[in-house]
Amino acid sequence: MTALSLIMSIESVKAYLKTKGLVDRYIELPGSTATVALAAERLGCEPDRIAKTLAIKLKSGRLMVVVVSGEARLDNSKFKKLFKETSHFCPAEELETLFGHPMGGVCPFALKENVEIYLDESLKKYDIVYPAAGSANNAVKIGIDELSQTLEADWIFVTK
């Protein structure tokens, strides 16, 4: 990923948040937030409040992100039962092209048009969560109800 494409990813998220009246929730942090542990440390919250965005590319060609709580793990059998396909994480080198964001910055905001968005029930135990915001050193502090309304995403339960 080039510096220019990274800037474009961040700017697309900020523009998206602005259209939703949420740009004031954007947080830029010193150092990396590319992992759940790093993000939680930088934000001063428990790891499970980090809203991990899993980028999935199905063999059928469907692209989706599933946003789960930081310590949750995808349950492949639940996923397959719901979507009738096995989950496959998108290779890192395809993330920017297919989803619009780099590894460590994949988020549910400002995605490519053909990407489906789902929120996992594991997030519902918190009032505030922190998804990434387009790069490996930022986040968005957002209420769970605001996240759901903003994304207009379906709730699913595909974690262990």
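Lys84 lies in the loop between helix H3 (76-83) and H4. Helices (H or I, at least four residues) and strands (E, at least two) are DSSP runs, numbered from the N terminus. The model is predicted, so local features need pLDDT of at least 70 and side-chain atom pairs count only at pLDDT 80 or more, while totals for chains, interfaces and linings use all residues. Residues are numbered from 1 along each chain as its sequence is written, and side-chain values use heavy atoms, with hydrogens and water left out.

Stay with Lys84 for a moment. Its phi is positive, about 65 degrees, although Lys84 is not a glycine. Most residues other than glycine have a negative phi. Lys84 is exposed, with a relative accessible area of 65%. Here buried means under 20% relative accessible area, exposed over 50%, and partly exposed in between (1.4 Å probe, protein chains only). Ala110 also has a positive phi, about 55 degrees, and is not a glycine. Ala110 sits in the loop between H4 and S4. At 22% relative accessibility, Ala110 counts as partly exposed.

Now turn to the sheet. Six strands form an open sheet, with mixed pairing, in the order S7-S5-S2-S3-S4-S8. Strands S7 (142-143) and S8 (154-156) stand at the edges. Each has a single partner strand, so one side of each is left without a neighbour in the sheet. Two strands pair if DSSP finds at least two bridges between them. Strands of a sheet pair through backbone hydrogen bonds, either parallel or antiparallel.

Strand S4 (residues 115-120) pairs with S8 in the parallel sense, over three bridges. Asp120 stands opposite Ile156 in S8. Helix H2 (residues 36-43) packs on the sheet, where it touches strand S2 (50-57) and strand S5 (128-131). Contact means heavy atoms within 4.5 Å. The direction of H2 makes about 150 degrees with that of S2. Axes are lines fitted to C-alpha atoms, for helices over the stretch in contact, and angles run from 0 to 180 degrees between N-to-C directions.

S2 and S5 pair in the parallel sense over two bridges. Ile50 stands opposite Tyr130 in S5.

Return to Asp120. Its side chain makes a polar contact of 2.7 Å with the side chain of Thr159. A polar contact is a pair of N or O atoms within 3.5 Å; within protein, one must be able to donate a hydrogen and the other to accept it, and residues adjacent in sequence count only if both atoms are side-chain atoms. Thr159 lies in the segment after S8 and is buried, at 0% relative accessibility. The side chain of Asp120 also makes a polar contact with the side chain of Ser122 (2.7 Å). Ser122 lies in the loop between S4 and S5. Ser122 is buried, with a relative accessible area of 9%. A polar atom of the Ser122 side chain lies 3.0 Å from the backbone nitrogen of Ser69. Leaving aside neighbours within four places in sequence, Ser122 is in contact with Val68, Ser69, Ala72 and Thr159.

S2 gives the most to the lining of the largest pocket, with six residues.
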